[in-house]
Amino acid sequence: MGELASLANVSKRTIDYYTHLGLLQPKRSNANYRIYDEEALEDLKFIVECKHLHFPLETIRQKMEWRKNNELNEKLLAQQVDLFSEQMKN
């Protein structure tokens with residue numbers, strides 16, 4: 001958590017708060033420690049940027065959901081294109 005806080009230039013308490021609200025969702029180690037990966041860092045940077053623009057937390061939550069849905073849609077689209085390309089080759 002300390003490394004994430006340092007990279008995003010926020011306090012550990014801020015990370016804890018956003019995690020408690022469900023805006024950040026860390027993975028868990030076998031010992032049940034929170035693990036924040038690159039995706040968590042990107043999410044945290046997004047939250048910080050939205051806070052600088054004075055968005056309320058609920059709006060930030062919605063924007064994060066839209067952002068993640070768009071990423072999923074792009075991945076699904078890429079998979080469909082790959083599948084279609086493979087079918088065309090065959």
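Helix α4 gives the most to the lining of the largest pocket, with 4 residues. This is a predicted model, where local features need pLDDT of at least 70 and side-chain atom pairs count only at pLDDT 80 or more, while totals for chains, interfaces and linings use all residues. Residues are numbered from 1 along each chain as its sequence is written, and side-chain values use heavy atoms, leaving out hydrogens and water.

Let's start with that pocket. Rolling a probe the size of a water molecule over the atoms shows where empty space is left. Here a pocket is an open set of points on a 1 Å grid over the protein atoms alone, where a 1.4 Å probe fits, with protein on both sides within 12 Å along at least five of seven lines; lining residues have an atom within 4 Å of a point. The largest pocket has a volume of about 220 Å³, counted as the space filled by probe spheres set on the points, which are joined across faces, edges and corners. Helices are DSSP runs of H or I with at least four residues, numbered from the N terminus.

What classes of residue make up the lining of the largest pocket? There are 3 nonpolar, 2 polar and 7 charged residues. Asp, Glu, Lys and Arg count as charged; Ala, Val, Leu, Ile, Met, Phe, Trp, Tyr, Cys and Pro count as nonpolar; the others, Gly among them, are polar.

D43 is one of the lining residues, and its place is in helix α3 (residues 38-52). D43 counts as buried because its relative accessible area is 6%; buried means under 20%, exposed over 50%, and partly exposed in between (1.4 Å probe, protein chains only).

Now for contacts, meaning heavy atoms within 4.5 Å.

| Residue | In contact with |
|---|---|
| D43 | L24, M64, R67 and K68 |
| I47 | Y18, L23, L24, I60 and M64 |

Finally, the loops. N9, between α1 and α2, has a positive phi of about 60° although it is not a glycine. H54, between α3 and α4, has a positive phi near 70° and isn't a glycine either. N9 counts as exposed because its relative accessibility is 71%, and H54 is exposed at 71% too.

Notes:
Helices (H or I, at least four residues) and strands (E, at least two) are DSSP runs, numbered from the N terminus. Lists of a residue's contacts leave out its neighbours within four places in sequence.
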